[in-house]
Amino acid sequence: MQNKDYANLKRNMLSTQVDISKFKDFDFEKATDEEKKQQDVMGESTTFFKDGMKRLRKNPLAMASIIILAIIIVAILVLPSIVPYKYDQSMMANGIRDRGATNLGIMEYSKAELERIDAGEKVFPHIFGTDSLGRDYFIRVVYGTRVSLSVGIVAAIMVLIIGLVYGAIAGYFGGMVDLIMMRIVDIIYSLPDMLLIILLSVVLDDVLKPIIEGTILAKLGSNMISMFIVFALLYWVSMARLIRGQVLSIKNNEYVLAARCIGTKDSRILTKHILPNCLSVIIITTALQVPSAIFTESYLSFLGLGVSIPMTSLGSLANEARAGLQSYPHRLVIPAIIICLIVLALNLLGDGLRDAFDSKLK
Amino acid sequence: MLKYTIKRVGLAIVSVLIVSAITFFAMNLIPGGPFNKEKASSPAVQQELERRYNLDKPVPEQYVLYMKNVLHGDWGVSLKSGRDIWTDIQMKFAVSAKLGGSAALVAIIFGIILGSIAALTRNKLPDRMIVFLTTLGTAMPSFVLATLLLLVFCLQLKIIPVWSSSNPNYVLPIIALSIYPMAYITRLTKTSMLDALNQDYIRTAKAKGVPAVWMIFKHALRNALIPVITYVGPMVAYILTGSMVVENIFTIGGLGTSFVTSITNRDYTTIMATTLFLAILMVVANLLTDLAYKLVDPRITFE
């Protein structure tokens, strides 16, 4: 008996396809159970992200960095609500400034505080002592770390967004668009960035101050905002270059051609087919951007161009500590260690991410 | 090659011009001028001063005038001290160049030596130690290192005297400036040296019985150093900006210090002159690096 389904298929005269109508049912053999079993999926299918995380978990240095960063982040989020002091508040005794509470050493109490302890009151210890204005140094370090880390992360995200959009457009459309866009990148890339950063942060700071007065932005401080603007203006170029290179190599793949053949929109090809394939480069570069932004911020703060007082960052804490370097070296050493720790952990994490996610190294 | 060179030189000139324009217009945006003092001088004096230094003209016209003068070799006089800026820059650059040049030399020499040692003793104790120290070196900002060095060696141990112009001791500033680029060069040398040691020509040399020392220096290191050349440009930029804080910490009166103080002083002509001078240095260093890279490695094709 001939199979009707096969027989009814319309065939092109010149087709070289196998003529199924010539086959009979007994020409086909049913798959055995064993053969069927081979098709069963044994393990869960792995995704790009899961695969990378598995490899990252095997890297002890990267895992240690993640733990250190997690501890630091939890600490800067939780500690301000535990410690009863404020970063901009001098120690008070009986309603006036406690003059004995300036320049305290690690875990020291002022005279007024000792009297209060003797009276049975509980006084929260100054873990890192106090500074020359009688402010608790521990909470200042916590806030400084907060500022430094958030500057790093916000700057990295801004660089990521601008670089991603710019690089993807230049790489994908190519031709004249690419040429002009990349010339602009070339020029910005060859500018000496540090000189402009120093100059612009001074200029923007003074220009922005009257503009943002009274708004929520004023709380952030004009210095912080000008720093963000400067980062956004100058640091995206290397990201844009990287993304463009990736897009250029990926857009010639067959699956992109296939997508274009069936009439997929440019925006969908970019977001669904091309960008997910540059994900490893994007993750790694962003992770390594954070420490470099923290470096720059602390450098600017150290020159006195960073966040505005009384707000502080690790760089400005180190700068303030220079005045009493000989008598209170711990005030320099503590922020210095924290900067090194953060930058070191982020660098090692970035290296670990590269090893885990870069498809070329697999 | 010629086409590429012309293109790069053109780009360098454009970027110097852009820096000069940004600097000029940006510094005019800063509220407060060079003659705004706490004790106000009479309006007539103020006006006369502004007229004398062309400050009463519109900013674009001032810019054109200034650039014209610079192209004729006239950098003007400092608005604060009244001294000739060019002689000032020459004097300060001599100090900065001594510091930066020695730091660059130290970084390159020790970086290459340490990198080669690390590559040759891969995964053994010396390699591990070098990797550990370089990771630490790249995580420490130069200003932290400089202050710590000052604290330990000058103030606590009192081995090295604090810097003074009559008794200049460049050891600590050079260390502070050179650690980061040295760590970077070490890493760079190590990876490219490992790469070179795996090449076929090294195996051939070994098979021929070339002495190990000769093989390392003649065959491996020469090829391993090509990527290091690319870092020279960025290193010059790093050292120039790094010296701004390091000079500040050790109170060395170099170009870096004068750049920062001129901004806070609103000393327009000095800001322009130092920015332009530093920008030209960095751009030229980058230009030469790119050209040298293409010259040294004939495998690199020209766009």
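In which loop of chain B is the place of B:Thr251? B:Thr251 lies in the loop between helix 10 and helix 11 of chain B, where helices (H or I, at least four residues) and strands (E, at least two) are DSSP runs, numbered from the N terminus. Although B:Thr251 is not a glycine, its phi is positive, at about 50°. B:Asn123, likewise not a glycine, has a positive phi of about 65°, and its place is in the loop between helix 4 (85-120) and helix 5 of chain B.

The model is predicted, with local features needing pLDDT of at least 70, side-chain atom pairs counting only at pLDDT 80 or more, and totals for chains, interfaces and linings using all residues. Residues are numbered from 1 along each chain as its sequence is written, chains are lettered from A and ligands numbered from 1 in the order in which they are written, and side-chain values use heavy atoms, with hydrogens and water left out.

Chain B has 12 helices and 0 strands. Its C-alpha atoms fill a box of roughly 85 × 55 × 30 Å, taken along the principal axes.

The interface between the two chains comes next. Here 46 residues of chain B are in contact (heavy atoms within 4.5 Å) with 37 residues of chain A. The size of an interface is often given as the accessible area lost when the parts come together. Between chain B and chain A the buried area is about 3500 Å², and carbon and sulfur atoms give 82% of it; this area is the accessible area (1.4 Å probe) that two parts lose on being put together, summed over both. B:Leu11, B:Ala139 and B:Phe143 supply 15% of the area that chain B buries against chain A, more than any other three residues.

Between chain B and chain A there is 1 salt bridge, defined as a side-chain nitrogen of Lys or Arg within 4 Å of a carboxyl oxygen of Asp or Glu. The side chains of B:Arg187 and A:Asp351 meet in a salt bridge, with an N to O distance of 3.9 Å. The elements that give two or more residues to the side of chain B that touches chain A include helix 7 (171-197) and helix 12 (268-296) of chain B. Helix 1 of chain B gives the largest share of that side, 11 residues. By class, the side of chain B that touches chain A has 32 nonpolar, 10 polar and 4 charged residues; Ala, Val, Leu, Ile, Met, Phe, Trp, Tyr, Cys and Pro count as nonpolar, Asp, Glu, Lys and Arg as charged, and the others, Gly among them, as polar.

A:Asp351 also forms a salt bridge with A:Arg354, the closest N and O atoms being 2.9 Å apart. Because A:Asp351 and A:Arg354 are 3 residues apart in helix 16 (residues 330-357) of chain A, about one helical turn separates them. Over all chains, the whole structure holds 12 salt bridges.
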